[in-house]
Amino acid sequence: MKRRKTVMLAPMALALGLTAVLPACSSNNAASTASPAQTAAGSAAPASPKATLEPYDVSLVYQAKPMKDDALVQEKLNEYLKEKINTTVTLQPIASADYKKKTELMMNTGEKMDLVFTASWLDYSANVTKGAFLELDSLLDKFAPETKKLLHPLYLEAPRYKGKLYAIPTNKEITQGKAFTFRKDIADKYQIPVDKINKVEDLEPYFEKIKAAEPDMIDYYVAGGPASFMMYETKSNYRPIGPVPAKLPMFFLDYKATDMKVHTVLDQDIIDLNKQDAELFRKYYEKGYINADAATVTTNVADIRKQGKLWVQSTVWKPGADIELKLSDNFDWVSHVVEEPIVTTDLATGSMLSISRTSKNPERAMMVLNYLHTDPYVINLLVNGIEGKHYKKVGPNRIEPIKDSGYDSQVFWVLGNQFINYLKPGQPDDLYESWKKFNNDAKRFPLIGFVFDDTKVKNEIAQLTTIVNEYKVISTGAVPNPSKLLDERNAKLKAAGLEKVATELQTQIDAWWKENKK
């Protein structure tokens, strides 16, 4: 299909090539101080790894639905890595719904782990400050220099804490734009002017029309949380910064301003945005445009989409995103991007691997990570499975998945280097080149690399989290008088210390900006 899209881009001011309590733990350990010629097990880091390295099993803990043929893929991976670096890998996929809870328990109990999937939205920075992950700068230099060379420079700037690196990002698109994504057959049938839909209000005439004509479809699907995640992006220059209690943005920076001033949900202009948004979705709910169980349903939007019940969705977008949706659910999709892509710390740290403080051989873990980023056989084995069993090779860099083969891991964005993944049906030959341009054209957020240290305000953030959870249904549209409830929530947030957190955040930003202003 021919994709229609409008992208509002600002030229990037960088010439960049893509080339829950833990014990205290010092990051200044053997992992970061060992000699380049010495591994944690005491053996040399050799020119001929297999001949001189002691056997070691690297556990790889990552977010993915466990698949029937995981054991077969692991067996093939171990045959290969044992020959290369005398290493085996234990794959530990954990379903997304359980991942955060299970990995935090593993970290809190000191369970032995090596490579661990982490992300900004999985409390990466909080786990760094708790000592869960090892410092990686020297390990990267000594055992994965090829990976360091391949990664976009901002990828090694964003995951730092007090100047030190604690995670290696997945090599993929470094940012995303916000978009409205439409099922193409529905957009064509009802003559929806996709390129003119710039905010949720623009959809209202089509909500009414499609509700009447397609009664089995949901106009706007909401699952237990805010109906819109694009309120700030389509109506302001505010972007989230700092802690996000219960995933609700509370602190903001005007990314086009120069004063680095922290704004909060208690600022009147943000209150006005929140109330406008909540009242809009309340109206849509009352008209039946939003699903009746919006406040309580937990079914993932992707599952609803695959059932053919959605014709529009607010999404994050990158080149090829519409094709990825088609590969997932067999419908053609077309997107209109309404936010210029911005490289923020959260986006640049949205998919990473860290090395656990409980690893018995961090050096070997970094060697395996290097294979995930540099070896097409290794990463495609994990992403696509075994050739002939799980996919057919139809070109030098192109495959056709075998339906119901027993392996459909969906970890292409979770592990390693997506730029060496095989292309699938419908993905254009120049997909990865378009990602490079997308990355280089994106705008740099002024505080990229800033990470908030919540040490002084942990109690306040815990109280804010409790309050957010109490009022999380406000923006689903499912409750009456949302503006009144927002006033109640904000009064409680203020009493719980939101302004104290904002003051601490401003202090840290001021200090960081003074040292890092570019």
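1. Helices are DSSP runs of at least four residues, numbered from the N terminus. In this predicted model, the helix labelled H4 is followed by Gly110, whose phi is positive, near 75°.

2. H4 itself covers residues 96-108, 13 residues in all. From its first C-alpha to its last it reaches 19 Å, close to the 18 Å expected at 1.5 Å a residue.

3. Which residues of H4 are buried? They are Tyr99, Thr103, Glu104, Met106 and Met107.

4. The largest nonpolar core has 71 residues. Leu60, Tyr62, Ile168, Met366 and Leu415 have the most contacts inside this core. Helix H15 (residues 362-374) supplies the largest share of the core, 7 residues. In soluble globular proteins, nonpolar side chains tend to be buried together.

5. Leaving aside residues up to four places away in sequence, Leu415 touches Leu60, Tyr62, Thr170, Leu353, Ile379 and Leu382.

6. Another core, of 39 residues, lies apart from the largest one. Phe251, Val262, Val457 and Val468 are among its members.

7. On confidence, the protein has a mean pLDDT of 87, and 90% of its residues reach 70 or more. Confidence is highest in E3, at 98, and lowest in helix H1 (residues 30-33), at a mean of 34. Over residues 1-47 the pLDDT is below 50, although this stretch has 127 contacts in the model beyond near neighbours in sequence. Where pLDDT is low, the predicted coordinates should not be read in detail.

Conventions:
Residues are numbered from 1 along each chain as its sequence is written. This is a predicted model: local features need pLDDT of at least 70, side-chain atom pairs count only at pLDDT 80 or more; totals for chains, interfaces and linings use all residues. Side-chain values use heavy atoms; hydrogens and water are left out. A nonpolar core is a set of buried Ala, Val, Leu, Ile, Met, Phe, Trp, Tyr and Cys residues joined through side-chain atoms within 4.5 Å. Buried means under 20% relative accessible area, exposed over 50%, partly exposed in between (1.4 Å probe, protein chains only). Helices (H or I, at least four residues) and strands (E, at least two) are DSSP runs, numbered from the N terminus. Contact means heavy atoms within 4.5 Å. The expected span of a helix is 1.5 Å times one less than its number of residues. pLDDT is the predictor's confidence in each residue, from 0 to 100.
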